[in-house]
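Thanks for coming. Please look at the model first.

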Amino acid sequence: MRENRQKYKLISKNMNDLIALMDLSGKITYASPSNQTFLGYPSSSFVGQTLLKFVHLHDIAIVMEAIKKLLRDREEMRIVTRLLHMDGHDVYTEIMMSFQGQRHNEYADSILIAAHDVKQRMEKI
């Protein structure tokens with residue numbers, strides 16, 4: 001068990017993607033340490049905030065609709081949106097969300113969020 005925790009800690013500290021958990025009220029309950037690199041915010045300032053606080057104003061409706069659909073259909077959602085970096089620039093991001101309902105652990109009824117930068121892909125369009 002301890003060895004597994006060490007592996008997960010090593011992975012989460014060294015990956016570039018953002019991993020987060022959001023409760024059903026929209027509040028972030030966990031953010032991976034990579035959040036600091038990804039959006040510039042330390043994980044501690046991300047936790048307790050709503051995801052929408054970090055979404056570009058023009059993309060909020062897209063994210064809200066994706067969350068509604070995820071909760072209704074219980075199927076993974078993928079969207080491309082802009083998140084706001086702490087220094088003010090937009091981060092073009094693909095967000096994958098999945099509902100973690102009916103699990104028998106502390107993360108039951110949470111939304112798992114995995115996000116990665118797609119700037120290079122967007123520049124080719």
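Before I name any element, here is how they are assigned: helices (H or I, at least four residues) and strands (E, at least two) are DSSP runs, numbered from the N terminus.

A word on where the numbers come from. This is a predicted model, in which local features need pLDDT of at least 70 and side-chain atom pairs count only at pLDDT 80 or more, while totals for chains, interfaces and linings use all residues. Residues are numbered from 1 along each chain as its sequence is written, and side-chain values use heavy atoms, with hydrogens and water left out.

Now the layout. The chain has five helices and five strands. Read along the sequence, their pattern is α-β-β-α-α-α-β-β-β-α.

Next, the pairing of strands. Two strands count as paired if DSSP finds at least two bridges between them. Strand E3, residues 77-84, and strand E4, residues 90-99, pair in the antiparallel sense over eight bridges. Within that pair, leucine 84 stands opposite aspartate 90 in E4. E3 and E4 form a hairpin with five residues between them. In the turn, glycine 88 has a positive phi of about 105 degrees.

E4 also pairs with E5, again in the antiparallel sense, over seven bridges. Here phenylalanine 99 stands opposite isoleucine 111 in E5. E5 in turn is joined to E1 by six bridges, and those two run antiparallel. In that pair, leucine 18 faces alanine 115 in E5. So, as a general point, in a regular strand the side chains alternate between the two faces of the sheet.

On to burial. Buried means under 20% relative accessible area, exposed means over 50%, and partly exposed is in between (1.4 Å probe, protein chains only). Of the 125 residues of the chain, 38% count as buried. I will also speak of contacts, and contact means heavy atoms within 4.5 Å. Among the contacts in the chain with a separation of 6 or more, 40% come from residues 24 or more positions apart.

Is serine 110 buried or exposed? Serine 110, which lies in strand E5, is buried, because its relative accessible area is 6%. Leaving aside neighbours within four places in sequence, serine 110 is in contact with Leu21, Met22, Ser98, Phe99 and Gln100. Aspartate 117 also lies in strand E5, but aspartate 117 counts as partly exposed because its relative accessibility is 43%. With the neighbours within four places set aside, aspartate 117 is in contact with Phe38, Val91 and Tyr92. Aspartate 117 and leucine 83 are 34 residues apart in sequence and 9.6 Å apart in space, C-alpha to C-alpha.

A loop residue next. Tyrosine 41 lies in the loop between H2 and helix H3 (43-46). At 17% relative accessibility, tyrosine 41 counts as buried. Beyond four places in sequence, tyrosine 41 is in contact with Asn35, Gln36, Phe54, Leu84, His85 and Met86. From tyrosine 41 to aspartate 87 there are 46 residues in sequence and 9.3 Å in space, C-alpha to C-alpha.

Now the core. A nonpolar core is a set of buried Ala, Val, Leu, Ile, Met, Phe, Trp, Tyr and Cys residues joined through side-chain atoms within 4.5 Å. Which members of the largest nonpolar core touch the most other members? Of its 26 residues, they are Ile28, Leu39, Leu51, Met97, Ile111 and Ile113. E1, strand E2 (28-31), helix H2 (35-39), H4, E3, E4 and strand E5 (110-117) each supply at least two residues of this core. A pocket, on a 1 Å grid over the protein atoms alone, is an open set of points where a 1.4 Å probe fits, with protein on both sides within 12 Å along at least five of seven lines, and lining residues have an atom within 4 Å of a point. The second largest pocket is lined by 13 residues, of which Met22, Ser25, Gly26, Leu52 and Ile67 lie nearest its centre. Strand E1 (18-23) and helix H4 (60-73) are the elements that give two or more residues to this lining. The largest share, four residues, comes from H4.
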